[in-house]
Amino acid sequence: MKRNYFTLFMTVAFASMSFAQTNTVSEAKVEDHQFAYNILTNLSYEMGIGNKTTLRFSGPLSGSLLYSKTSITINDYHHEDSEWGYAFRPAVDMQVRHYYNLNKRLQKGKKIAHNSGNYIAGVLGAAGPSILKSDNMYVADFTLTLGAMWGIQRTYGERFMMNVGIGPGVSFYDSQSEFTPVGGITVGIRLGK
């Protein structure tokens, strides 16, 4: 008789645990700590400060591809000139990222490990004088940038990372300010565990 009660108790307990596990959707959460080397640009560290929010720092260098277009019209004379340039300079960047689609990705069976998801971010960046630049471009000695960005971050395998972001910003340099796009494309390798 005791054996039957024990068997019944174990069956009910096991069924209850199985039912609870199948009906519970786990809550998506960002990684607590993540280091990465972004090829040709910098290192980054992303730290979880909430279930879906991170604080990301990057530096000490920044690479930029610059485009300049000049157009002059005087009476019947019209001249246009455009140039591409590049610059590498010391720079630091801080972003507060909110990953808004982690639960949706988890429900669809997509990867969310290592903060693979879409995000919106506030951006604060500072850059110093250029170390290496093309001769055809002016690069200010100090620039401070504030902006907002929409982006995606994906991790492929355990190490390979890609990040794409774009948004509006304002740059302050040489006692003036101007609209500037913020964001970019980085390809990198995740470091650590």
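What follows is a working chat about a predicted model of one protein chain.

Colleague: Before we start, what kind of model is this?

Modeller: It is a predicted model.

Colleague: OK. How many helices and strands does the protein chain have?

Modeller: The protein chain has 2 helices and 10 strands. From the N terminus, the order is α-β-β-β-β-β-α-β-β-β-β-β.

Colleague: What share of the residues is buried?

Modeller: Buried residues account for 32% of the 193 in the protein chain.

Colleague: And the contacts? What percentage join residues at least 24 apart?

Modeller: Take contacts between residues at least 6 apart in sequence. Of those, 56% join residues at least 24 apart.

Colleague: On to the core. Which residues make up the largest nonpolar core?

Modeller: There are 10 of them: Ala28, Val30, Tyr99, Leu102, Ile112, Tyr119, Ala121, Val123, Met149 and Val182. Strand S6, residues 117–127, gives the largest share of this core, with 3 residues.

Colleague: Why would such side chains sit together?

Modeller: In soluble globular proteins, nonpolar side chains tend to be buried together.

Colleague: Pick Leu102. What does Leu102 touch?

Modeller: Leaving out residues up to four places away in sequence, Leu102 touches Ala28, Lys29, Val30, Lys52, Ile112, Ser116 and Gly117. Ala28, Val30 and Ile112 are also members of the largest nonpolar core.

Colleague: What's the lining like by class?

Modeller: The lining of the largest cavity has 5 nonpolar, 7 polar and 2 charged residues.

Colleague: Now Arg97. Where is Arg97 found?

Modeller: Arg97 is in strand S5, residues 77–99.

Colleague: Buried or exposed?

Modeller: Arg97 counts as buried because its relative accessible area is 0%, and the cut-off for buried is under 20%.

Colleague: What does the side chain of Arg97 make a polar contact with?

Modeller: The side chain of Tyr99, at 3.0 Å. Tyr99 is also one of the residues of the largest nonpolar core.

Colleague: And what else does Arg97 touch?

Modeller: Not counting residues up to four places away in sequence, Arg97 touches Glu46, Lys52, Thr53, Thr54, Arg56, Tyr119, Ile120, Ala121, Gln153 and Asn163. Arg56 and Gln153 turn up again among the residues nearest the centre of the largest cavity. Tyr119 and Ala121 belong to the largest nonpolar core.

Colleague: Let's stay in S5. What about His78?

Modeller: His78 is found in strand S5. His78 is partly exposed, with a relative accessible area of 44%. Leaving aside neighbours within four places in sequence, His78 contacts Ser71, Ile72 and Thr73.

Colleague: Which side chains make polar contacts with the side chain of His78?

Modeller: Thr73 is one of them, at 2.5 Å from side chain to side chain. Another contact, of 3.1 Å, joins the side chains of His78 and Glu80.

Colleague: And Ser82? Where does Ser82 lie?

Modeller: Ser82 lies in strand S5 too. Ser82 is partly exposed, at 40% relative accessible area. Setting aside neighbours within four places in sequence, Ser82 is in contact with Tyr67, Ser68 and Lys69.

Colleague: How far apart are Ser82 and Lys69, C-alpha to C-alpha?

Modeller: The two are 4.2 Å apart in space and 13 residues apart in sequence.

Colleague: Backbone next. What is the peptide bond from Gly59 to Pro60, cis or trans?

Modeller: The bond from Gly59 to Pro60 is cis, with omega near 0°. Pro60 sits in the loop between strand S3 (53–59) and strand S4 (61–74).

Colleague: What is phi of His114?

Modeller: Phi of His114 is near 60°, a positive value in a residue other than glycine. Asn115 likewise has phi near 60°.

Colleague: Where is the place of His114?

Modeller: His114 is in the loop between helix H2 (102–107) and S6. Asn115 is found in the loop between H2 and S6 as well.

Technical notes. Residues numbered from 1 in each chain as written. Predicted model: local features only at pLDDT ≥ 70, side-chain atom pairs only at ≥ 80, totals over all residues. Heavy atoms only, no water. Core = buried A, V, L, I, M, F, W, Y, C linked by side-chain atoms within 4.5 Å. Buried < 20%, exposed > 50% of the residue type's maximum accessible area, 1.4 Å probe, protein only. Helix = DSSP H or I, 4+ residues; strand = E, 2+ residues; numbered from the N terminus. Contact = heavy atoms within 4.5 Å. 1 Å grid on protein atoms, 1.4 Å probe; cavity = no way out; pocket = protein on both sides within 12 Å on 5 of 7 lines; lining within 4 Å. Nonpolar A, V, L, I, M, F, W, Y, C, P; charged D, E, K, R; others polar. Polar contact = N/O pair within 3.5 Å; in protein donor to acceptor, adjacent residues only side chain to side chain.
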